[in-house]
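Student: I have a model open and want to go through its side chains. Can we take it one contact type at a time?

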Amino acid sequence: MDIISSPRRRCMAVRHLDDARLLKEWAYINGKWQNAESGEVIEVTNPAEEQGGEGSVVGCVPRCGAVEARAAIAAARAAFPAWRDLLPQERGRLLRAWGEAMLENRDDLALIMTLEQGKPLHEAKGEIEYAASFLEWFAEEARRVNGEVVNGHLPQRQMLVKRRPVGVTAAITPWNFPSAMITRKAGAALAAGCTMIVRPATETPLSALALAELADRVGIPAGVFSVVPGSRDIVAELCANPVIRTVSFTGSTEVGRTLLRQSADTVKRMSMELGGHAPFIVFPDVDLDDAAAQAVAAKFQTSGQDCLAANRIYVHADVYEEFLALFTRKVQALRVGNGLSEGVDVGPLMNARAVDKCQQHVDDAMAKGARRLYGGGVHELGGLFFDPTVLADVTPAMAISSEETFGPVAAVSRFGSEAELSGLANHAELGLMAYLFTNDHDRVCRITEMLEYGMVAVNCVKVTGGPIPFGGVKQSGLGREGGHWGLDEYLDTKYICAAIKAA
C-alpha cells in the first residue's frame with residue numbers, strides 16, 4: 001500500500017473479472033462514488049507479487065480523511081430516520097437481496113479478494129459464501145427485534161420495554177477477512193435499523209467497495225451504507241464524532257485499546273473482536289491422525305493470519321512424538337504459492353512486517369531451545385512467502401508462547417496433567433478461541449469449564465457462522481457478533497411507564 005500521484009502498470013489478472021464494474025476505485029458516500037478532496041490515492045498491490053513492483057497493482061482508491069468521514073456521517077444521520085422506520089421485513093428483504101447478489105458474483109468477488117489479500121482462491125470463494133450467510137441470517141433476525149410487557153410493581157401502570165436502534169454506527173474492518181468482517185457487522189446494524197459507515201483496511205479496500213457496489217444495485221438507500229477508504233484520520237473522526245453511537249472494530253488488541261481511549265469522551269458503545277492466541281489441546285484418547293489434520297486446518301488457513309489460528313498446540317506427553325510426526329508430515333505436504341494457482345494451500349503474508357515477526361518468533365524459539373522440524377524461514381519464492389513451519393518443545397519463556405504470531409508458524413508443546421495444562425492454556429492475556437480434542441465426556445466438561453476463552457471447539461475446528469455469538473474474553477474483545485447477540489450491539493433498551501386512569 002503506497003500513497004501515489006499516478007498509478008503503475010496494473011495486475012493482468014484484473015482482466016479476468018466477468019463484471020469489471022465490481023472493481024471500484026472511489027469512495028462510496030451517500031449513494032455516490034467520489035474521490036478524496038485532497039486528490040491523493042492509495043495504490044493497492046498484490047502481496048503475491050513483489051511488493052510495489054510493476055504489474056503488482058490491483059487498483060487505486062482515494063486516500064480519504066476527516067472531510068469525507070464527516071460527509072459520510074452527515075449522510076448516515078440524514079438517512080437514519082427513514083431506515084429506522086422501514087418495516088423490519090423490508091430491511092430484511094434488502095439484506096437478503098444483497099447476500100444473493102454476493103453469491104451471484106462470488107467468483108469475481110473472490111478474485112478481487114485474492115488479488116489484494118493473497119489468500120488462495122478457494123479460501124476466498126469460501127469467505128464470500130461465509131460473508132453472504134451473515135446477510136441471510138440477519139435478514140431473518142430483523143423481524144425478531146421484540147420488546148416485552150413487564151408485570152409491574154406499581155399500581156395503575158403499564159410498563160413496556162422496547163428495543164430501538166442506536167442510530168449511526170461505524171465499522172473499522174481488517175485485511176485478513178475483508179468481506180466477512182463487513183457483512184457480520186453491517187448485517188446486524190442494518191437489520192436493527194441503524195445506518196453504518198465502513199472504514200476498510202488500507203491493504204484491502206477493494207473488497208469493501210465491491211460490496212458497496214452490490215448494496216447500491218439491490219437498492220439499499222443512499223446514506224444507509226457508506227465505505228470510506230483512506231487515512232487514520234477517518235478512524236479518529238469516527239471515534240470522536242458524537243453522532244456515531246457505536247463503533248465495531250476487528251483487529252489487534254493494541255489498536256483496540258487506542259480506539260477505546262479515542263471514543264471515551266463521547267461514551268460510545270464499543271464492539272470489539274481483538275487478538276487471539278488460541279490453544280489447540282490434544283489428549284491421548286483421540287484419533288491422532290485426525291487431530292493432526294485438524295490442527296493443520298486450524299493453524300494454516302489464511303496463511304496463519306487468522307485470530308482463530310491455533311497458535312499454541314499442546315499435546316499430552318504420552319502421544320507427543322507420535323503427534324509431531326503426523327503433524328509435520330501434513331505440514332510438509334502444504335503447497336505454498338500465488339493464491340491464483342491451482343492447489344495452493346498457503347499464500348503470501350500481507351506485508352513485510354508479518355514476515356519479520358514470523359522470523360523473529362522462529363529465531364527466538366530456536367535460540368531458547370526449540371526444535372525446528374520443518375520450515376523456519378522465507379520460502380524459496382521469496383517476497384512475502386514464508387515457509388509453513390513446525391517448532392517443537394516450545395516453552396513459556398519463548399516469545400511465540402505469549403505473542404500472537406499471525407503467520408504460518410506452529411508452536412508445539414507437551415503437557416502431562418490437566419493442572420499443568422490449565423496454567424499453560426490460560427496464561428495469555430487473550431481469550432478468543434480454544435480447541436480441545438478428547439473423547440472423554442467428563443474431561444470435556446472439566447476442560448471447557450476451565451478454559452478462559454469466549455469460544456471452545458471440541459473435536460472440530462470449523463465453528464463460526466451466522467447463528468453463533470462470536471467473541472472473546474479478557475483482552476480479546478468486548479461484546480459478541482452473530483446470532484441474536486449480534487443485534488444487541490446496535491440496539492438500545494427503552495423503558496416506558498404509563499399511568500392508567502381508573503375506570
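Tutor: Start with burial: buried means under 20% relative accessible area, exposed over 50%, and partly exposed in between (1.4 Å probe, protein chains only). This is a predicted model: local features need pLDDT of at least 70, side-chain atom pairs count only at pLDDT 80 or more, and totals for chains, interfaces and linings use all residues. Residues are numbered from 1 along each chain as its sequence is written, and side-chain values use heavy atoms, with hydrogens and water left out.

Student: How many residues does the largest nonpolar core have?

Tutor: A nonpolar core is a set of buried Ala, Val, Leu, Ile, Met, Phe, Trp, Tyr and Cys residues joined through side-chain atoms within 4.5 Å. Trp98, Met102, Leu190, Met196, Ile220 and Phe225 have the most contacts inside the largest one. Its count is 64 residues.

Student: Which residues is tryptophan 98 in contact with, leaving aside its neighbours within four places in sequence?

Tutor: Contact means heavy atoms within 4.5 Å. With those neighbours left aside, tryptophan 98 is in contact with Leu135, Ala186, Leu190, Leu211, Leu214, Ala215, Val218, Ile220 and Phe225.

Student: How many residues are in the other core, the one with Phe470?

Tutor: That core lies apart from the largest one. Among its members are Ala298, Phe300, Ala310 and Phe470. It has 40 residues.

Student: Now the charges. How many salt bridges does the structure hold?

Tutor: Side chains of opposite charge can pair when their charged atoms come close. The rule here asks for a side-chain nitrogen of Lys or Arg within 4 Å of a carboxyl oxygen of Asp or Glu. The count is 30.

Student: Why are glutamate 90 and arginine 93 separated by about one helical turn?

Tutor: Helices (H or I, at least four residues) and strands (E, at least two) are DSSP runs, numbered from the N terminus. Glutamate 90 and arginine 93 form a salt bridge, with the closest N and O atoms 3.2 Å apart. Glutamate 90 is partly exposed at 32%, and arginine 93 is partly exposed at 42%. They are about one turn apart because they lie three residues apart in helix α2 (residues 88–104).

Student: How many residues apart in sequence are the parts tied together by lysine 330 and aspartate 289?

Tutor: Their side chains meet in a salt bridge, 3.1 Å from N to O. Lysine 330 lies in helix α10 (residues 320–332) and aspartate 289 in helix α9 (residues 288–300), so the pair ties together parts whose separation is 41 residues.

Student: Which residues are linked in a network of salt bridges with Asp19?

Tutor: Here the salt bridges join into a network. Besides Asp19, the linked residues are Arg21, Lys24, Glu213 and Arg217.

Student: What is the count of disulfides?

Tutor: A disulfide is a covalent bond between the sulfur atoms of two cysteines. Here the sulfurs must be within 2.5 Å. Cysteine 239 is in none, as the nearest cysteine sulfur, in cysteine 194, is 17 Å away. The count is zero.

Student: Which cysteine has the closest sulfur to that of cysteine 358?

Tutor: Cysteine 358 is buried, with 0% relative accessible area. Its sulfur is 16 Å from the closest cysteine sulfur, too far for a bond. That sulfur belongs to cysteine 307.

Student: Is the pair of tryptophan 175 and phenylalanine 406 stacked or edge-to-face?

Tutor: Rings of Phe, Tyr and Trp (its six-membered ring) pair if their centres lie within 6.5 Å; planes under 30 degrees apart count as stacked, over 60 as edge-to-face and the rest as tilted. The structure holds eight such aromatic pairs. In this one the centres are 5.8 Å apart, with 80 degrees between the planes. The pair is edge-to-face.

Student: Which ring does the charged end of lysine 24 sit over?

Tutor: A charge sits over a ring if NZ of Lys or CZ of Arg is within 6 Å of the ring centre and within 35 degrees of the ring normal. The charged end of lysine 24 is 5.1 Å from the ring centre. The ring is that of tryptophan 33.
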